[in-house]
Amino acid sequence: MNWLFKNKKSTPTKATDSSPVTPIAPNISDVVSSELKIEDIACTIIKGNSGESNLKNESMSVEEEKELQPSPSGLLEESFTKSDNTDILNTTIDSVDLASTSIDQEKGKLEHAQRCTTIEEKLEWIEAQFKQSSPNIDEVTNMLHGIINRLEEQESYLDGGDKFNSKVVNDFLSTFSTLSNGKCRSTIIQWLRKVRPINIAQLLQFINETETAAKVLEDQDVVMFLGTSQSGKSTTIHFLTGSKFSFSGNALHIMESSKYVDVENVKTGFNMKSTTRFINPVKITAEALNNLGVVPGSYSSNGIILCDAPGFGDTQGAEMDISNGIGITRALQKCHSVKFMFVCSDQVGDTGNVFKGIIQTVGSMFYSIDDHLGAFSYIFTKWNDSSLIYDKLAAIRDTVIEKEPPESPLYMISEHMVQSIEDKIYLVKPCDGDPAEILNMVLSKTARIENTLATFKDFVSTESLLKLTEYCHMVEKAIPMALAHREVNVMRIKMEQLCEINTKVKTDKGVQAQQQCIEAICGHLDMLQSCFDEI
């Protein structure tokens with residue numbers, strides 16, 4: 001409550017001859033003040049409507065969900081359905097403890113349900129219920145009615161052709177008891193995506209995890225691997241560090257991990273799902289590089305780090321995309337030096353649209369890329385016919401040249417790639433290739449980016465930026481709704497999240513939404529102050 005009622009309006013100090021008055025604009029940290037009498041009346045108005053939740057419990061944590069799982073089937077009934085007093089007295093202590101725990105769990109579930117006030121919170125609670133084998137149908141029904149009531153207060157929660165409204169929920173309410181838990185949960189998840197374009201709590205968690213993973217890159221010489229999901233970056237790192245591979249049918253398997261380098265955290269995958277969530281650094285010492293056959297003098301006594309980055313264009317959601325966009329560039333800014341290795345597979349396709357998207361994303365990491373093209377090298381994986389590589393990339397380059405200006409990153413990188421492979425194409429052959437050949441090329445023939453802080457900048461993909469903008473727009477609508485319903489905790493959580501997001505990923509829309517929400521809160525407090533003055 002102290003956050004809400006802290007410095008509603010800053011009163012300028014009286015001007016003196018030597019000190020002019022400087023108006024102080026309200027901001028997140030000083031919107032309302034505990035010293036104001038208005039706190040008392042506002043607390044009275046909202047009494048009974050605000051729980052004790054905070055930013056960390058906006059949605060149930062993994063631990064809470066485990067705690068709220070139903071008790072093993074039949075155990076509770078077995079302990080308490082016997083009518084014979086002797087049987088009850090002879091019930092074991094363990095059974096009584098289990099029964100008490102189960103009752104507490106049920107109570108916890110209901111208390112959590114009662115704390116759910118917004119549509120988002122209600123949907124999260126319902127989604128958690130359908131994860132369980134026996135959801136509380138009565139509470140789910142009540143929660144759905146609550147969502148319908150809230151939606152009926154608005155014409156539609158979302159604009160556009162695919163609307164989420166009370167009729168949609170009513171239709172589901174009348175049929176969900178006949179559907180499987182999986183089908184019900186799938187529907188709820190779809191609704192959650194509509195009312196919550198970005199899971200902010202998860203995004204903040206991902207950003208923190210990415211920043212933690214990136215600390216090992218500080219003051220190191222780094223080779224950053226770039227490419228789409230499933231382009232073969234993780235497999236290439238295993239190959240370059242000395243892991244041994246073999247084919248079993250059409251599947252590639254690691255026979256023996258590198259004996260020179262710890263690569264246990266570098267997971268390889270041979271399906272369409274990326275196995276790398278955050279940047280994954282692999283340290284190769286100078287001794288290991290020497291054992292791998294790398295030419296002495298092409299690396300420092302500290303060795304190098306091969307950094308397996310998440311696949312750009314992964315389908316793991318905007319939260320992962322934003323956190324990696326922020327985390328990768330901030331990690332690169334702290335490196336001693338950086339080189340880039342572009343891993344290109346035959347997934348490039350005939351039009352190269354995905355490939356072009358990756359290049360544009362990489363270009364967004366640079367303030368200006370034209371002076372740093374020498375730091376890029378290119379290797380090729382999973383090509384059944386390597387003779388097609390040059391012609392295919394040249395064709396893609398030609399379509400880029402027709403449409404892009406020469407100063408665009410897409411134009412420059414496409415042209416540089418084709419020029420780089422005119423003389424030699426470096427193929428990754430996990431089973432019978434020589435890792436030293438590629439390592440020597442990267443370490444001896446490519447330039448290093450050393451002024452990293454002045455070279456790299458934060459970036460967010462266009463698609464994720466649109467979702468972040470949509471979230472900010474929803475917060476602008478949610479704050480007046482929370483004020484109207486006297487849901488101060490909801491307002492506080494949303495404002496805390498918006499403030500933290502603007503600290504981590506500052507956008508024009510985020511700043512605008514923050515200011516408008518502050519003005520809405522201050523206007524509401526002005527109204528309360530007027531009521532108090534009249535009293």
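**Figure 1. A salt bridge between Glu437 and Lys424 in the predicted model.** Glu437 and Lys424 form a salt bridge (a side-chain nitrogen of Lys or Arg within 4 Å of a carboxyl oxygen of Asp or Glu), and their closest N and O atoms are 3.1 Å apart. This pair links distant parts of the chain: Glu437 belongs to helix α17 (residues 435-445), while Lys424 lies in the loop between α16 (409-420) and β8 (426-427), 13 residues apart. Helices (H or I, at least four residues) and strands (E, at least two) are DSSP runs, numbered from the N terminus. Glu437 is partly exposed because its relative accessible area is 35%, and Lys424 is partly exposed as well, at 37%. In these legends, buried means under 20% relative accessible area, exposed means over 50%, and partly exposed lies in between (1.4 Å probe, protein chains only). This is a predicted model, in which local features need pLDDT of at least 70 and side-chain atom pairs count only at pLDDT 80 or more, whereas totals for chains, interfaces and linings use all residues. Residues are numbered from 1 along each chain as its sequence is written, and side-chain values use heavy atoms, with hydrogens and water left out.

**Figure 2. A salt bridge between two helices, Glu476 to Lys509.** The side chains of Glu476 and Lys509 meet in a salt bridge of 3.1 Å, N to O. Here too the pair links distant parts of the chain, with Glu476 in helix α18 (residues 462-484) and Lys509 in helix α20 (residues 508-534), 33 residues apart. Glu476 counts as buried because its relative accessibility is 14%; Lys509, at 18%, also counts as buried. Elsewhere, salt bridges that share partners join Glu211, Arg330, Asp458 and Lys504 into one network.

**Figure 3. A salt bridge between Arg397 and Asp398.** The closest N and O atoms of Arg397 and Asp398 are 2.8 Å apart, and the two residues form a salt bridge. Arg397 is buried, since its relative accessible area is 14%, whereas Asp398 is partly exposed, with a relative accessible area of 37%. A search of the whole structure finds 15 salt bridges.

**Figure 4. The open sheet of six strands.** The strands of this sheet follow the order β4-β5-β1-β6-β7-β8, and their pairing is mixed. Because β4 (280-284) and β8 stand at the edges, each with a single partner strand, one side of each is left without a neighbour in the sheet. Two strands pair if DSSP finds at least two bridges between them. In general, strands of a sheet pair through backbone hydrogen bonds, either parallel or antiparallel. β7 and β8 pair in the parallel sense over two bridges, and Ile379 stands opposite Tyr426 in β8.

**Figure 5. Helices α11 and α16 on the sheet.** α11 packs on the sheet and touches β1, β4, β5 (304-308), β6 (337-345) and β7; the direction of α11 makes about 155 degrees with that of β5. α16 also packs on the sheet, where it touches β6 and β7, and its direction makes about 70 degrees with that of β7. A contact requires heavy atoms within 4.5 Å. Axes are lines fitted to C-alpha atoms, for helices over the stretch in contact, and angles run from 0 to 180 degrees between N-to-C directions.

**Figure 6. The buried helix α11.** Eight of the eight residues of helix α11 (residues 233-240) are buried, so this helix is largely enclosed by the rest of the structure. The buried residues are Lys233, Ser234, Thr235, Thr236, Ile237, His238, Phe239 and Leu240. Just after α11, Gly242 takes a positive phi of about 105 degrees.

Figure 7. Most residues other than glycine have a negative phi. Asp219, however, has a positive phi near 60 degrees; this residue lies in the loop between α10 (200-214) and β1 (221-226). Asp219 counts as exposed because its relative accessibility is 60%. Lys382 likewise has a positive phi near 60 degrees, and its place is in the loop between β7 (376-381) and α15 (389-403). At 39% relative accessibility, Lys382 counts as partly exposed.

**Figure 8. The protein chain as a whole.** The chain contains 20 helices and eight strands. Of its 535 residues, 47% are buried.
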